[in-house]
Amino acid sequence: MNHTIHVIKQGRMSRRRRWIAVTLVLSILSIALCCAMLLFGNTIYPVRDVVAVLLGEEIKGAAFAVTTIRLPRMLAGLFAGFAFGVAGYTFQTLLRNPLANPNVIGMTSSSSAAAVFCIIVLQSSKAVTSFVSVIAGLLTVFIIYVLAKGTSFAIGRLILVGIGIQAMCNSIITYLMLIGEEHNLPAAVRWLTGSLNGVKLEELPVLMISCLIMVPVICVLGRSLLILELGEQTATTLGVKTDWVRVLLIVSAVVISAIATAITGPIASVAFLAGPIATRLVGTGKVNIVPAGLVGAALVLASDLVGQFMFQVKFPVGIITGIIGAPYLLFLLIRMNRRGDL
Amino acid sequence: MERSRYYPKQFTSVFVVSVVFLVLSVIASLIFGARSLTWQEVLDGFLQHSESFASSVFQKRLIRTIFGLCCGSALGVAGVLMQSVTRNPIADPSILGVNTGAALFVVCGMAFFQISDANHYIWFALSGALLTAIFVFGIGSIGRGGATPLKLVLAGAATSAALSSLVTAVMIPRSYVMNQFRFWQVGSVGAGTWDSILLLLPFLLTGILASIFCAPALNALALGDEAAQGLGVKTNVFRLAAAFAGVILCGATTAVAGPIGFIGLLATHMIRLLLGPDLRFLIPMSALSGAVILLVSDVIGRLVGSPGELEVGVVTALIGAPLLIILARKAKVRSL
């Protein structure tokens with residue numbers, strides 16, 4: 001008996017150590033990428049200048065490049081990536097399906113459609129745009145949930161309904177792009193692919209604050225998430241109020257990813273890749289919310305650096321992540337089909 | 001033995017009603033628009049050629065209507081063929097990612113081979129559609145149970161996502177392609193000309209004739225491969241022929257009009273609801289109803305979007321996607 005307890009304890013300890021180690025490594029990686037984002041650009045300023053600018057000194061040239069262009073870009077990438085990663089992981093765990101993520105469910109495209117509508121037709125301010133796109137995201141998730149519920153909840157139906165909604169939203173976006181003024185086009189392309197170009201510092205507090213509020217909420221609920229992973233009936237038996245936890249988790253995940261979408265556009269595949277990568281690194285049996293967020297942030301930052309500097313043309317980050325994510329999605333489908341999971 | 005002379009019960013009435021709708025939608029398509037024509041002007045347009053403003057509006061709208069009829073019927077038949085070949089109620093070129101495949105090839109053509117007219121688009125679009133269809137179907141049919149609707153749709157969505165990021169990657173460094181593509185990407189019949197109708201026509205005729213020829217064999221295929229083989233049908237030959245015809249139809253239409261989704265889904269399900277699953281009737285009637293649906297959507301787009309217009313691809317997606325949702329809700333969970 002004592003021996004069994006000892007083994008279990010040891011296992012728990014080693015998992016904990018692994019979690020801490022992975023989280024630490026991921027944090028360091030993200031920080032390194034953040035520094036790279038600040039340092040590199042058309043001109044490379046010495047580290048000393050960048051630090052000085054960040055501390056509030058006025059250095060000609062460097063001050064503008066760092067505070068107006070690179071800092072917002074870096075922060076947007078960091079927080080949006082984190083938000084997408086957390087939201088994706090939450091959805092995947094809640095619905096017990098690696099394919100389930102805000103993009104597939106059609107939530108991102110409805111947020112985008114709402115945001116594009118605000119920008120092109122209403123020409124409303126950034127704050128209103130964020131707000132409307134969050135509402136649209138929540139509403140869509142609600143509609144999809146109701147439509148997919150039927151007699152019993154089925155993930156397949158949920159995905160099909162989501163794809164239907166996505167088709168509608170995409171057609172609206174395409175139309176809005178067409179009637180949009182020529183000078184709105186770059187912004188419109190951002191709504192199709194996701195990009196960190198031209199993010200402004202004053203847009204960011206909404207995203208940062210909502211991340212700082214919602215991520216702890218999700219983490220606290222995460223323990224129940226872990227039990228939800230075992231299946232609904234087991235969770236109910238173990239005393240988790242499944243309905244409430246699920247609603248709260250969905251709402252928080254939707255809110256952060258919709259706010260992130262309102263700022264950067266839908267950055268493809270991040271929500272979808274972050275969860276599986278984090279789980280692979282940490283192993284199952286632990287709440288991987290923070291690692292998933294860090295993986296998301298690292299993915300976005302690294303892809304943005306690649307998009308900016310690897311090619312002769314500057315590609316927005318969404319294209320790079322899309323090209324990384326698509327083969328994995330296909331691979332996953334093939335594997336699921338082989339196993340008969342679908 | 002006497003050949004069976006089975007007709008679905010409501011065939012005559014459905015046929016008559018469809019024709020009436022077709023005539024009405026043609027008339028509506030001729031009349032409504034940014035500048036509505038009067039009956040008199042339409043009649044004049046048919047009877048004589050004058051230099052008046054109304055006459056030139058009529059000419060333009062006549063081309064548009066005929067073009068819409070061709071595209072609609074092609075897409076309707078393409079939908080039936082794909083659904084029966086994949087034995088899958090929600091197969092449609094737009095859902096299976098075939099349209100995105102065509103789009104990618106067209107963009108590559110614009111960017112790397114400097115193509116700029118529909119004559120060249122069509123071959124690029126066709127090969128793109130064909131390759132994508134093969135790819136998606138290949139991935140969707142791996143594993144137990146073959147190509148179930150859910151697997152196919154997911155494979156289509158994944159492929160679509162992959163291809164559309166490639167489309168954007170090709171497009172972004174080249175602003176001229178972006179401008180050209182932006183207008184092609186929204187499916188529209190407004191830009192149709194006599195040339196594009198002539199270009200589409202051979203593909204349309206080949207595809208529809210081939211599909212009518214395949215219909216009895218496809219009926220047998222619906223019973224399952226073994227039963228069909230037992231009835232003496234060369235299943236693989238016919239399935240391939242029908243799939244090829246479907247891809248030709250939707251690829252050619254996509255090339256000239258841009259991606260217009262959901263017509264196949266809407267037309268086929270409406271007719272199947274009324275007439276049952278016999279493909280000998282389903283195929284011609286889907287052509288008819290596809291044409292009606294496209295024309296009506298186009299008219300709706302012109303009325304709603306006035307003084308400009310809402311492109312028909314947008315309208316069909318807005319009407320068709322709810323149908324997809326209804327189908328998904330109706331289907332039994334396991335059979336998804």
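Which residues in H4(A) are buried? In this predicted model, the close-up views below begin with that helix.

**View 1. Helix H4 of chain A, residues 107-122.** The buried residues in H4(A) are A:Met107, A:Thr108, A:Ser109, A:Ser110, A:Ser111, A:Ser112, A:Ala113, A:Ala114, A:Ala115, A:Val116, A:Cys118 and A:Ile119. Because 12 of the 16 residues of H4(A) are buried, this helix is largely enclosed by the rest of the structure. From its first C-alpha to its last, H4 of chain A reaches 21 Å, which is close to the 22 Å expected at 1.5 Å a residue. After H4(A) comes A:Gln123, which has a positive phi, near 50 degrees.

**View 2. The packing of helix H2 (residues 47-54) and helix H3 (residues 62-94) of chain A.** The two helices pack at an angle of about 60 degrees, and their axes are 9 Å apart. That angle makes H2(A) oblique to H3(A), and the crossing of H2(A) and H3(A) is right-handed. On the H2(A) side, A:Asp49, A:Val50, A:Val53 and A:Leu54 meet A:Ala62, A:Ala63, A:Val66 and A:Thr67 of H3(A). Sorted by class, this contact of H2(A) with H3(A) has 6 nonpolar, 1 polar and 1 charged residues.

**View 3. The contact between chain A and chain B.** Chain A contributes 37 residues to this contact, and chain B contributes 37 residues. On the side of chain A that touches chain B, helix H6 (155-179), helix H7 (185-193) and helix H13 (317-339) each supply at least two residues. The most comes from H6(A), which gives 16 residues to that side. The residues on the side of chain A that touches chain B divide into 26 nonpolar, 9 polar and 2 charged.

Definitions and conventions:
Residues numbered from 1 in each chain as written. Chains lettered and ligands numbered in written order. Predicted model: local features only at pLDDT ≥ 70, side-chain atom pairs only at ≥ 80, totals over all residues. Helix = DSSP H or I, 4+ residues; strand = E, 2+ residues; numbered from the N terminus. Expected span 1.5 Å × (residues − 1). Buried ≥ 20, exposed ≤ 12 C-beta atoms within 10 Å, placed from the backbone. Axes fitted to C-alpha atoms, helices over the stretch in contact; angles between N-to-C directions. Parallel < 35°, antiparallel > 145°, perpendicular 65-115°, else oblique. Left-handed = near helix turned anticlockwise from the far one by under 90°. Contact = placed C-beta atoms within 7 Å. Nonpolar A, V, L, I, M, F, W, Y, C, P; charged D, E, K, R; others polar.
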